[in-house]
Amino acid sequence: QVQLVESGGDLVPPGGSLTLSCAASGRPLEYDTIGWFRQAPGKEREGISCINFNDGSTFYSNPVKGRFTISRDKAKNTVYLHMNSLKPEDTAVYSCATGVYVNVIAQTIGVLSSGSWGQGTQVTVSS
C-alpha cells in the first residue's frame, strides 16, 4: 500500500506562485496515475490535474489549465503541482491521490475505491 504526504501549502498574494509536493512511500510509483484535488470550505472536492507516472501524460481541469503544471520526479517518487497566476478562488485544501482515472467525455477526474489519499495542505491566496 502506498502512502502519500503533501507539503508546500502557504499564504500567497494574488498573482503569486507556489509549488506543492506529493511524496509517496511504501512502494515505488510505476504505472500509477497520481492526481491533485482541492476542496474549499462549503464546496465539493474538485479534481484539477493528474499525471501518469509511467509515460508522463497529463490532464488539467479548465479552471487551472494554462496556470498550473503537474510533474513527477521518478528518483524521488514524488509528484509536484506548480501553480502560477494564483487567484483568491484557488484557496483550498489541496490533496493528492493514487488510483486516479480520467473521464475524457466529462473532462473530469476521479479516484478508484482502491486509491490512496494524502492528508492535504492548505493554500490561501489573499492580499
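Modeller: Let us begin with Asp-55, which counts as exposed because its relative accessibility is 52%, the cut-off being over 50%. This is a value from a predicted model.

Biologist: Where does Asp-55 lie, and which side chain does Asp-55 join through a polar contact?

Modeller: Asp-55 is placed in the loop between E5 and strand E6 (58-60). Its side chain and that of Ser-57 are joined by a polar contact of 2.9 Å. For orientation, Asp-55 and Asp-73 are separated by 18 residues in sequence and by 12 Å in space, C-alpha to C-alpha.

Biologist: How should I read the backbone angle phi in a loop?

Modeller: Most residues other than glycine have a negative phi. Ser-85, although not a glycine, has a positive phi of about 50°. This residue belongs to the loop between E8 and E9, and Ser-85 is classed as partly exposed because its relative accessibility is 41%.

Biologist: What is the phi of Gln-107, and in which loop is Gln-107 found?

Modeller: Gln-107 has a positive phi of about 55° and is likewise not a glycine. The loop in question runs between strand E10 (100-103) and strand E11 (108-111). With 40% relative accessibility, Gln-107 is therefore partly exposed.

Biologist: Let us turn to the strands. How does one describe a sheet?

Modeller: Strands of a sheet pair through backbone hydrogen bonds, either parallel or antiparallel.

Biologist: How many bridges join E3 to E8, and which residue is the bridge partner of Ser-21?

Modeller: The antiparallel strands E3 and E8 are joined by 6 bridges. Ser-21 has Tyr-80 of E8 as its bridge partner.

Biologist: With which strand does E4 pair over 5 bridges?

Modeller: E4 pairs with E9, in the antiparallel sense. Within E9, Tyr-94 stands opposite Arg-38. E9 also pairs with E12 in the antiparallel sense, over 3 bridges, and there the bridge partner of Tyr-94 is Thr-121. Since 5 of the 6 residues of E9 are buried, this strand is largely enclosed by the rest of the structure.

Biologist: Is Thr-121 buried or exposed, and what does its side chain reach?

Modeller: Thr-121 lies in strand E12 (residues 121-125). Its relative accessible area is 11%, so Thr-121 is buried. The side chain of Thr-121 reaches the backbone nitrogen of Gly-9 at 3.0 Å. Not counting residues up to four places away in sequence, the residues that Thr-121 touches include Glu-6, Gly-9, Leu-20, Ala-92 and Tyr-94.

Biologist: How should I read a nonpolar core?

Modeller: In soluble globular proteins, nonpolar side chains tend to be buried together. The largest nonpolar core in this model has 27 residues, and those touching the most other members are Leu-20, Trp-36, Phe-68, Val-79, Leu-81, Met-83 and Tyr-94. Among the elements that give two or more residues to this core are strand E3 (18-25), strand E5 (46-52), strand E9 (92-97) and E12. E3 gives the most, with 4 residues.

Biologist: Which residues are in contact with Tyr-94, leaving aside its neighbours within four places in sequence?

Modeller: Among them are Leu-20, Trp-36, Phe-68, Leu-81 and Met-83, as well as Phe-37, Ile-48 and Val-123. A second, separate core of 6 residues includes Phe-37, Cys-50, Phe-59 and Val-100.

Biologist: How many aromatic pairs does the structure hold, and what is their geometry?

Modeller: The structure holds 1 aromatic pair. Phe-37 and Trp-117 form this pair, which is tilted, with 4.9 Å centre to centre and 55° between the planes. The pair links distant parts of the chain, 80 residues apart: Phe-37 in strand E4, and Trp-117 in the loop between E11 and E12.

Biologist: Why is Phe-37 classed as buried, and why is Trp-117 classed as partly exposed?

Modeller: Phe-37 is buried because its relative accessible area is 4%, under the 20% cut-off. Trp-117 is partly exposed because its relative accessible area is 35%.

Definitions and conventions. Residues are numbered from 1 along each chain as its sequence is written. This is a predicted model: local features need pLDDT of at least 70, side-chain atom pairs count only at pLDDT 80 or more; totals for chains, interfaces and linings use all residues. Side-chain values use heavy atoms; hydrogens and water are left out. Buried means under 20% relative accessible area, exposed over 50%, partly exposed in between (1.4 Å probe, protein chains only). A polar contact is a pair of N or O atoms within 3.5 Å; within protein, one must be able to donate a hydrogen and the other to accept it, and residues adjacent in sequence count only if both atoms are side-chain atoms. Contact means heavy atoms within 4.5 Å. A nonpolar core is a set of buried Ala, Val, Leu, Ile, Met, Phe, Trp, Tyr and Cys residues joined through side-chain atoms within 4.5 Å. Two strands pair if DSSP finds at least two bridges between them. Rings of Phe, Tyr and Trp (its six-membered ring) pair if their centres lie within 6.5 Å; planes under 30 degrees apart count as stacked, over 60 as edge-to-face and the rest as tilted.
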